[in-house]
2 protein chains.
Amino acid sequence: MACAEPNSELTLHSVRESLIRQEDTIIFSLIERAKYPRNSPAYEQSYASIPGFSGSLLQYIVKQSEALQATAGRYENPEEHPFFPDNLPRSLVPPYNYPPVLHHAATSININKIIWDMYLNQLLPLFVADGDDGNYASTAASDLECLQALSRRIHYGKYVAEVKFRDAPQDYEPAIRAKDRDALMKLLTFENVEELVKKRVEKKAMIFGQEVSLGNGHKGANYKVDPSVVSKLYGDWIMPFTKLVQVEYLLRRLD
Amino acid sequence: MACAEPNSELTLHSVRESLIRQEDTIIFSLIERAKYPRNSPAYEQSYASIPGFSGSLLQYIVKQSEALQATAGRYENPEEHPFFPDNLPRSLVPPYNYPPVLHHAATSININKIIWDMYLNQLLPLFVADGDDGNYASTAASDLECLQALSRRIHYGKYVAEVKFRDAPQDYEPAIRAKDRDALMKLLTFENVEELVKKRVEKKAMIFGQEVSLGNGHKGANYKVDPSVVSKLYGDWIMPFTKLVQVEYLLRRLD
């Protein structure tokens, strides 16, 4: 049962490195989205009347891009999760043997609906300017990058949970057997670490979002994305959602 | 003839601001591509045998993504240029009135074939690590981001040329009428400015590609993309190609 027994390539160190690297990706994607104003027609069902499709332009772009990337094998990688998993076409490329790291129950966990709602309704209004420049297709492509980066980071909670479980199964097993979500959530919460992460991503947003010019003079605090919004994104959504994924994963870990 | 007569919203300042902002986009896209190793199967015709498609996985992803984005209106924006312009489907969304800035001959200029070859054969080997992690679909999506950012920046030469021409038509008209490419190239070349740009993008690559940690200690020069490669990209390819676009545009400017 080589597949059911996760291998040992995963380490606390490699998981932590990946989480830190993904911070950069998320911040870059937000900075790029902030190049465009709100462009609200991209989100309005009434704007795009595309034959054979019912939904907003963003839904259209995300759904069709996912279908295309699925044929190229993107969702064979257990780190990737589609926003529109129903009727996703099969991969048309040769299979790649991703190392079996996660418990097989991982495949049943996908909280992209929650991520989509958070991004559209809560995050987006906080970091894009009002206005309309007509670039709806590019805006939606940019939203897709943000959504994919957030989804990958949040679902990486499966790997976080796996490595924590392997490190100390005796700590988790009683709560798992008791199906005690609150106890699991408590075991997974380290407030001082979360504060450090919030500070680090705020600093990254300052560094990556600054206006760089030659010469030493600082141009003042004119950031492309408000660093406090990035800190809030992590504190209010990314870390809580990651823990939700971790709890869901651990509840199935002994199946 | 409102369409034939470019309007006056374009300024030297706005063009310069856009060029500087696009530097960040290009550097972010390279840093993101560098997350993945070379992943050479994505570029090999023999790897992807997708029914009804002949070419590499990258060609498949770029061509199909462009077709999708075309239906969403991306190429209605004169700043955007497809890599596979043949048989591109029509936009299915309501038209947006982009301000008529360029001479109508601009639409006939597309040097994406040169950009594609430069990116694949010269740039890519300079900034990605050897290796294969199986993420070919994500790698190709990341290449698409790089290619689109480079294409947008280089074809922005049309706007650069337009604003320079408007600023001093008397300087350009004799060379345009004489179809003198060398004279035009000379008029468009400012070596000291080009050196400044190379220095600025190198600095940006250092800032955006650094490992950020809390605390003041620097972690040494461990950049995600070698800053000298970004400087070379601008000096050897982006700026020369932009001037090529400018010359082609100016040669048609009096048609």
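This is a predicted model: local features need pLDDT of at least 70, side-chain atom pairs count only at pLDDT 80 or more; totals for chains, interfaces and linings use all residues.
Ala, Val, Leu, Ile, Met, Phe, Trp, Tyr, Cys and Pro are counted here as nonpolar, Asp, Glu, Lys and Arg as charged, and the others, Gly among them, as polar. Residues are numbered from 1 along each chain as its sequence is written, chains are lettered from A in the order in which they are written, and side-chain values use heavy atoms, with hydrogens and water left out.

**Cavities**

- A cavity is a set of points, on a 1 Å grid over the protein atoms alone, where a 1.4 Å probe fits but cannot get out, and its lining residues have an atom within 4 Å of a point; grid points are joined across faces, edges and corners, and a volume is the space filled by probe spheres set on the points.
- Five cavities of 30 Å³ or more are counted by this rule, and the largest cavity has a volume of about 540 Å³.
- The largest cavity is lined by 28 residues, and the closest to its centre are A:Glu32, A:Glu145, B:Ser29, B:Glu32 and B:Glu145.
- At least two residues of that lining come from each of α1 (12–33) and α4 of chain A and α1 (12–33) and α4 (136–155) of chain B, where helices are DSSP runs (H or I, at least four residues) numbered from the N terminus.
- By class, the lining of the largest cavity has eight nonpolar, 10 polar and 10 charged residues.
- The second largest cavity, with a volume of about 150 Å³, is lined by 14 residues, of which A:Ser65, A:Gln69, A:Leu144, B:Gln69 and B:Leu144 lie nearest its centre.
- Helices α2 and α4 of chain A and α2 (57–71) and α4 of chain B each supply at least two residues of the lining of the second largest cavity, which by class has seven nonpolar, five polar and two charged residues.

**Helices α2 and α4 of chain A**

- Helix α2 (residues 57–71) of chain A packs against helix α4 (residues 136–155) of chain A at an angle of about 60 degrees, with their axes 9 Å apart; axes are lines fitted to C-alpha atoms, for helices over the stretch in contact, and angles run from 0 to 180 degrees between N-to-C directions.
- α2(A) and α4(A) are therefore oblique to each other, given that angles under 35 degrees count as roughly parallel, over 145 as roughly antiparallel, 65 to 115 as roughly perpendicular and the rest as oblique.
- In their contact (heavy atoms within 4.5 Å), residues of α2(A) including A:Leu58, A:Ile61, A:Ser65 and A:Gln69 meet residues of α4(A) including A:Ala140, A:Leu144 and A:Gln148.
- By class, this contact of α2(A) with α4(A) has 10 nonpolar, three polar and one charged residues.

**Helix pairs of chain B**

- Helix α3 (residues 112–127) of chain B and α4(B) pack at an angle of about 130 degrees, with their axes 10 Å apart, and that makes α3(B) oblique to α4(B).
- Among the residues that meet are B:Trp116 and B:Tyr119 in α3(B) and B:Leu147 and B:Leu150 in α4(B), and by class the contact has 10 nonpolar, three polar and one charged residues.
- The axes of α1(B) and helix α8 (residues 191–208) of chain B come within 10 Å and cross at roughly 45 degrees, which makes α1(B) oblique to α8(B).
- Residues including B:Arg16, B:Glu23 and B:Phe28 in α1(B) meet residues including B:Arg200, B:Lys204 and B:Phe208 in α8(B), and by class this contact has eight nonpolar, no polar and five charged residues.

Notes: On a 1 Å grid over the protein atoms alone, a cavity is a set of points where a 1.4 Å probe fits but cannot get out, and a pocket is an open set with protein on both sides within 12 Å along at least five of seven lines; lining residues have an atom within 4 Å of a point.
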